[in-house]
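Please open the model in your viewer and keep the selection panel at hand. The tour goes from the overall fold to single residues.

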Amino acid sequence: MTDKTQKQSYFSNQCGKCRTGEIFSYFLLFNRKCSHCGHLFEKEEGHYLGAMIIAYLISSLMALPILLLAVFKYETDFPVAMGLTVLEILITGPIFYRYSKLVWIHAEERFTDYLHEEKKK
Ligand SMILES: [Zn+2]
């Protein structure tokens, strides 16, 4: 395990267990397991549903101010404002999806470690 703390590795693309292997090979190409320690990232179908919901919520919350600004401040037509909003979601959605998945993996590791420590007590 490297010297990185759990919090430092939350947004880095490194395994939550060993903090060395990469979780994503490229921007959105998810590895099934860690290349360093072999830790399995893809555990079951729907394992990252919570991460997807978080990414969707953040994307939606980011899109709302753009929609409101376009309609009320710049007085654009509603279809144009909706087009801008959809464009914003298409651009930021994958970014939020990647980082919510990284946070989900690290939070899971931290919670698992916490449970193991509680069992030892
Ligand atoms: Zn690893």
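What follows is a series of stops, each with something to select.

Before selecting anything, note that residues are numbered from 1 along each chain as its sequence is written. This is a predicted model, in which local features need pLDDT of at least 70 and side-chain atom pairs count only at pLDDT 80 or more, while totals for chains, interfaces and linings use all residues.

**The whole chain.** Show the C-alpha trace, which spans about 60 × 35 × 30 Å along its principal axes. The protein has 3 helices and 0 strands, where helices (H or I, at least four residues) and strands (E, at least two) are DSSP runs numbered from the N terminus. The radius of gyration, taken over C-alpha atoms, is 18 Å, whereas a compact globule of 121 residues would have one near 14 Å, by the rule of 2.2 Å times the number of residues to the power 0.38. Of the 121 residues, 17% count as buried, that is, with 20 or more other C-beta atoms within 10 Å of their own, against 12 or fewer for exposed and partly exposed in between, the C-beta atoms being placed from the backbone.

**Helix 2 and helix 3.** Select residues 49–73 for helix 2, which packs against helix 3 at an angle of about 150° with the axes 7 Å apart; axes are lines fitted to C-alpha atoms, for helices over the stretch in contact, and angles run from 0 to 180 degrees between N-to-C directions. The two helices are therefore roughly antiparallel to each other, a term for angles over 145 degrees.

**Lysine 101.** Within helix 3 (residues 78–120), select lysine 101, which is buried, with 22 other C-beta atoms within 10 Å. Not counting residues up to four places away in sequence, lysine 101 touches Tyr48 and Ala51, contact being C-beta atoms, placed from the backbone, within 7 Å.

**The core.** Next select Cys15, Ile23, Cys34, Phe41, Leu102 and Ile105, the largest nonpolar core, meaning a set of buried Ala, Val, Leu, Ile, Met, Phe, Trp, Tyr and Cys residues joined through C-beta atoms within 7 Å. Isoleucine 105 is in contact with Gly16, Ile23 and Phe41, leaving aside neighbours within four places in sequence.

**Two loops.** Which phi does arginine 19 have? Its phi is near 60°, a positive value in a residue other than glycine. Arginine 19 sits in the loop between helix 1 (6–9) and helix 2 and is buried, with 21 other C-beta atoms within 10 Å. Finally, select glutamate 75 in the loop between helix 2 and helix 3, where phi is positive at about 50°; glutamate 75 counts as exposed, with 8 C-beta neighbours inside 10 Å.

Technical notes
Contact = placed C-beta atoms within 7 Å. Parallel < 35°, antiparallel > 145°, perpendicular 65-115°, else oblique.
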